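Subject: Structure handover

Hello,

Here is the structure we spoke about, with my notes below it. Please read the notes alongside the coordinates.

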Amino acid sequence: PGPVGPVAECGCAVCRKASGYLAASCAVVALDWQRRDSLAEWQGPDTALRGFCRVCGGKLFTRTADGQLRVAMGALAVATGGWIVARSGPAMCCTAT
């Protein structure tokens, strides 16, 4: 895999609770899932749908209310070449307040 697009870092309360610290993610158009049987989703207090692994609890993705899919950088198994270009809150990541 080549470099990912711009990486955003979010420190809103919901992202901090989901990740344990700041959450870093990148926008993607589509994913090629290798397995979906351990995938689970939940609707948080914000308007974003969040995906996680039901086996280990690892955060995998966030789908915003406008349909943008953001993948957690820690969920990627290979080097991405991505750089954090935005240190902002909800506008880049989840729409939480």
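**What was found**

Of the 97 residues in the chain, 34% are buried (under 20% relative accessible area; exposed is over 50% and partly exposed in between, with a 1.4 Å probe and protein chains only). This is a predicted model, in which local features need pLDDT of at least 70 and side-chain atom pairs count only at pLDDT 80 or more, while totals for chains, interfaces and linings use all residues. Residues are numbered from 1 along each chain as its sequence is written, and side-chain values use heavy atoms, with hydrogens and water left out.

**Confidence**

The mean pLDDT (the predictor's confidence in each residue, from 0 to 100) is 76 for the chain, and 77% of the residues score at least 70. Where pLDDT is low, the predicted coordinates should not be read in detail.

**Fold and surface**

There are 2 helices and 7 strands in the chain; these are DSSP runs numbered from the N terminus, with helices being H or I of at least four residues and strands E of at least two. Their order from the N terminus is β-α-β-β-β-β-β-β-α. Taking contacts (heavy atoms within 4.5 Å) between residues at least 6 apart in sequence, 49% join residues at least 24 apart. The accessible surface (Shrake-Rupley method, 1.4 Å probe; for residues, only the protein chains shown count as cover) is about 5,900 Å², and carbon and sulfur atoms account for 57% of that surface.

**Strand pairing**

Two strands are said to pair if DSSP finds at least two bridges between them. E3 and strand E4 (residues 49-53) are antiparallel, with 5 bridges, and form a hairpin with 5 residues between them. Within that pair, Glu41 has Gly51 in E4 as its bridge partner.

E4 also pairs with E5, antiparallel over 4 bridges. Arg50 is bridged to Thr62 in E5, and Phe52 to Lys59 in E5. This hairpin has 5 residues between the strands, and Gly57 takes a positive phi near 85°.

E5 in turn pairs with E6 in the antiparallel sense, over 3 bridges, and Arg63 stands opposite Leu69 in E6. Here too a hairpin is formed, with 5 residues between the strands and a positive phi of about 95° at Gly67 in the turn.

**Two loop residues**

Thr64 sits in the loop between strand E5 (59-63) and strand E6 (69-72). Is Thr64 buried or exposed? Thr64 counts as buried because its relative accessibility is 8%. Its side chain makes a polar contact of 2.3 Å with the side chain of Asp66; such a contact is a pair of N or O atoms within 3.5 Å, and within protein one must be able to donate a hydrogen and the other to accept it, with residues adjacent in sequence counting only if both atoms are side-chain atoms.

Leu76 is in the loop between E6 and strand E7 (84-88). With 30% relative accessibility, Leu76 counts as partly exposed. Leu76 and Leu60 are 16 residues apart in sequence, and their C-alpha atoms are 8.5 Å apart.

**Cysteines**

How many disulfides does the structure hold? There are 0, a disulfide being a pair of cysteine sulfur atoms within 2.5 Å. For Cys56, the closest cysteine sulfur is that of Cys53 at 3.8 Å, so the two are too far apart for a bond. Cys56 is exposed, at 61% relative accessible area, whereas Cys26 is buried, at 1%.

Regards
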